[in-house]
Amino acid sequence: MPEHPAIEAAERFRAQLLRMERDQAVRYVRTFGQIFNDLGPMIASLQAEIAAMPSPSFEAVSTLARYKDLRREIAREVAKFGQFVDTDMTANMQQVIAMGLQHGEQMTLAGLPEPLAAAIRTQWNRLPVGAVRAMMGFLAPGAPLHDALVNQLSGAVAEGVEKALLKGIALGQNPRVVAGIIRRELGQALTWALRTARTAMLYAYREANRASYVANPAIVEGWIWHAKLGDGRTCMSCIAQHGTIHPPDEVLNDHHNGRCAMVPLTVSWEALGLPGLPDTRPQVTSGRDWFNSLSEAEQRQQMGPAMFQAWKAGKVDWNDLSREHTDPVYGTMRGAPSLRDLLGDGAREFYKQR
């Protein structure tokens, strides 16, 4: 059975947005790869000097000129990378927000017959991209997102390298392993930047969708949480939220890297001045009903063995699977808690049953 046109549009737009995100990620990986290349000789030289030491200790290594130079260079290069990501991400937001506003309108009209859609199209309140962007506080120059990329990332990575190096030397690991530790810790900057930029893009896009719904209360009365079900990558929090209906002023507070969409729910035909017509607005099967339709083996795989056992035993309620937490950048977000989060020490018996 084909999906409602609004849901089909949401799926198309989600795929388009993720293609943009992949292009963005390629730019960041290529740029960061140059940092690896530039720092490679310095890491190799430090590795050789540590290998020549009869009994290396962190105190001894930390006094080496090569180590001090490497630490400074790591902080400098990562700071440049953070500035690049911040600038690139900021430039992309204009396009992302414009897409979000346009797609919010298109998803809304996709479920309406053309004579009515054409009439509503002329009445649709279209917001300026700049005004919507200004409403998104997390994109402001002094906001935590900007500060973390421009001011905090380089110091955090340099400190991480130092701590990992201290641990490696304390454990008596050979210089080659220590060099690998430096590269791995350095790579945390790329991992964090990719996650941060992707989350910001998806969040800004959804907030632009929502802004278009809020600006048109005579047409849109709410939105439906729509997760990507069945691909094995969707967490239980998003599955639990799938199909829930929310007012326009409520944020879709997905987790970092979250791919969920906001399908618009138009007002009734009667409210649009067309009484007596059947309701053809989007109908989304709840995440719970979808999950209950799976085989037990599929449910176990989706939920995880220990959580599945606790859920079957009645120790975990369906509503427990999606919990809110406070994020320093985005405020309230949702995510799937661990079984230990839910049951504390009581989780042990279910981990043993796996």
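Predicted model: local features only at pLDDT ≥ 70, side-chain atom pairs only at ≥ 80, totals over all residues.
Author: Start with two helices: the axes of H3 (residues 65-110) and H7 come within 7 Å and cross at roughly 20°. Residues are numbered from 1 along each chain as its sequence is written, and side-chain values use heavy atoms, with hydrogens and water left out.

Reader: How is a pair of packed helices described?

Author: By the angle between their axes and the distance between the axes. Axes are lines fitted to C-alpha atoms, for helices over the stretch in contact (heavy atoms within 4.5 Å), and angles run from 0 to 180 degrees between N-to-C directions. Helices (H or I, at least four residues) and strands (E, at least two) are DSSP runs, numbered from the N terminus.

Reader: At what angle do H1 and H7 cross?

Author: At roughly 160°, with axes that come within 9 Å. That makes H1 roughly antiparallel to H7. Residues of this contact divide into 26 nonpolar, four polar and four charged. Here Ala, Val, Leu, Ile, Met, Phe, Trp, Tyr, Cys and Pro count as nonpolar, Asp, Glu, Lys and Arg as charged, and the others, Gly among them, as polar.

Reader: In what order do the three strands form the sheet?

Author: Two strands pair if DSSP finds at least two bridges between them. Here the order is E2-E1-E3, in an open sheet with antiparallel pairing. Strands E2 (245-246) and E3 (261-266) are the edges, each pairing on one side only. E1 (residues 220-226) pairs with E2 over two bridges. Ile 224 has Ile 245 in E2 as its bridge partner.

Reader: Which helices lie across E1 and E3?

Author: H1 (residues 5-51) does, running at about 155° to E3. H7 (residues 175-214) also lies across E1 and E3, at about 10° to E3.

Reader: Is H11 mostly covered or mostly uncovered?

Author: Buried means under 20% relative accessible area, exposed over 50%, partly exposed in between (1.4 Å probe, protein chains only). H11 (residues 305-312) is mostly covered, with six of its eight residues buried. Among them are Phe 308 and Trp 311. Their cover includes H9 (287-292), H10 (296-303), H12 (339-343) and H13 (348-352). Just after H11, Gly 314 takes a positive phi of about 80°.

Definitions and conventions. Parallel < 35°, antiparallel > 145°, perpendicular 65-115°, else oblique.
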